[in-house]
Amino acid sequence: QDDEDVESIRELDLRTFGFGPPMASRPGSDVAGGVLDRRGRYLGAALWKDRLEYDFATPELAAHHRAMNRFFDDECNVVLSDVDAAHNRFITYVSGPREPGAWYLYDRAARRYLNLSQRTALDGQRLGRTEAVAVSTRDGAGITAYLTTPPSAAPGPLVVLVHGGPETRDRLGWHRQAQVLAAQGWWVLQPNFRGSGGYGLGFASEGWGRWGERMQEDVEDAVAQVVSAKGLDGGRVAIMGASYGAYAALMGAVRRPDLYRAAIGIAGVYDLPDFMEHVARRDDSPGKEVYDFWTKRIGEPRTDADRLAEASPRRRAGEVACPVLLIHGVDDVIVPVFQSRRMKDALQSAGKSVDYREIPDVGHGGWEDELEQDMMGRCVALLRRAFA
């Protein structure tokens, strides 16, 4: 609702189309979904803190969900996927930082929890552990970041992995790219900077119009804190991401040439005025809703022209000091491939080191495993050279 900070679950009266009061709402956390039994009866709401939680309308189910979590040493996220009418059997999907995902059957009456999946070949003991880190920002605010430790737990290089959106968020869950990087012996930091989603509209709106500054500052503050707290190698830090995360990676390289040894951008936005012009031209929604959405979050091109240019990595390519890898799908309809092409051209014109790869016949995300494996191979190769 317009007067709510967080997303909630409400009843809708189909005769009057009026909403009732929130059935599930929690300050600082958007409701991520609901769970129903086989008869369609509402059982509760799913919310993310660091891990997945439920606010149950049927209180006795809470103890059983806690028991499911204890079965996995409180390290995984247990999603209630299907529940029978008697509330006795639960199909659950379980994943976590060291669990890629598996299906389990919880039988309440029989007190059994059975794995229904073929086990992955990955050995959890050889994967990196992930912890939540409370970060204090330079202006006195606070954000949460997630830090994945390499299996050796030895101090070393750090890779900052910035999420896309930007109004999405990271959480204590399975992240294949983070584990690939940790397997190389590198620490991996995933900050939920202001402007991220999932924490309510107020938190998200703190990033509106702050691309290139506050949102970057939060990332930098998270880096400084974990480098100091964990004794990491502050001289070997790299930044990468996809979509908005790619923007943050290249903008990070512009802002902090002293900090980042490499920057990797996948399907990113690098020129804000160009992107806004593209959105305006393509938006055929009633009342230009898509354009208005991005204007609110990035800025108004006519009145904020100087700020948007200043916050565009393509227009500041000469300030980049580290090697850059750019990757983009040719058929991307979310962020057009010309954004990466122009970023590449700007870097080359400025005499910078840039490796550019276009992937034919793919869009903004959801790439096949083989393509992602090749992409991560290129990322790892660049980072190894940068950290050498």
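Two strands are said to pair if DSSP finds at least two bridges between them, and strand E15 (residues 260-266) pairs in this way with strand E16 (residues 324-329), in the parallel sense and over four bridges. The model described here is predicted, so local features need pLDDT of at least 70 and side-chain atom pairs count only at pLDDT 80 or more, while totals for chains, interfaces and linings use all residues. Residues are numbered from 1 along each chain as its sequence is written, and side-chain values use heavy atoms, with hydrogens and water left out.

**Overall form**

- The secondary structure of the protein comes to ten helices and 17 strands, where helices (H or I, at least four residues) and strands (E, at least two) are DSSP runs numbered from the N terminus.
- The radius of gyration, taken over C-alpha atoms, is 22 Å for the protein, close to the 21 Å that the globule rule gives for 388 residues, so the protein is as compact as a globular protein of that length; the rule is 2.2 Å times the number of residues to the power 0.38.
- Along its principal axes, the C-alpha trace of the protein spans about 70 × 55 × 45 Å.

**Strands and sheet**

- Eight strands form an open sheet with mixed pairing, in the order E10-E11-E13-E12-E14-E15-E16-E17.
- Strand E10 (130-136) and strand E17 (354-359) stand at the edges of this sheet, each with a single partner strand, so one side of each is left without a neighbour in the sheet.
- From one strand to the next, the twist averages 20 degrees.
- Strand E3 (residues 31-36) and strand E4 (residues 42-48) run antiparallel and are joined by five bridges, and the bridge partner of Gly 34 in E4 is Ala 45.
- The hairpin of E3 and E4 has five residues between the strands, and in this hairpin Gly 40 takes a positive phi near 85 degrees.

**Helices across the sheet**

- Helix H5 (residues 244-255) lies across strand E12 (158-162), strand E14 (237-242), E15 and E16, and runs at about 150 degrees to E14; axes are lines fitted to C-alpha atoms, for helices over the stretch in contact, and angles run from 0 to 180 degrees between N-to-C directions.
- Helix H10 (residues 369-387) lies across E12, E14, E15, E16 and E17, and runs at about 165 degrees to E15.

**Helices packed on helices**

- Two packed helices are described by the angle between their axes and the distance between the axes.
- The axes of helix H4 (residues 214-230) and H5 come within 10 Å and cross at roughly 75 degrees, which makes H4 roughly perpendicular to H5 (angles under 35 degrees count as roughly parallel, over 145 as roughly antiparallel, 65 to 115 as roughly perpendicular and the rest as oblique).
- Contact, meaning heavy atoms within 4.5 Å, is made between H4 and H5 by residues including Met 215 and Glu 220 of H4 and Tyr 244 and Arg 255 of H5.
- The axes of H6 and helix H7 (residues 289-297) come within 8 Å and cross at roughly 160 degrees, which makes H6 roughly antiparallel to H7.
- Phe 275, Met 276, Val 279 and Ala 280 of H6 meet Val 290, Tyr 291, Trp 294 and Thr 295 of H7.
- The axes of helix H6 (residues 272-282) and helix H9 (residues 338-349) come within 11 Å and cross at roughly 155 degrees, and H6 and H9 are therefore roughly antiparallel to each other.
- In this pair, Asp 274, Phe 275 and His 278 of H6 meet Phe 338, Gln 339 and Arg 342 of H9.
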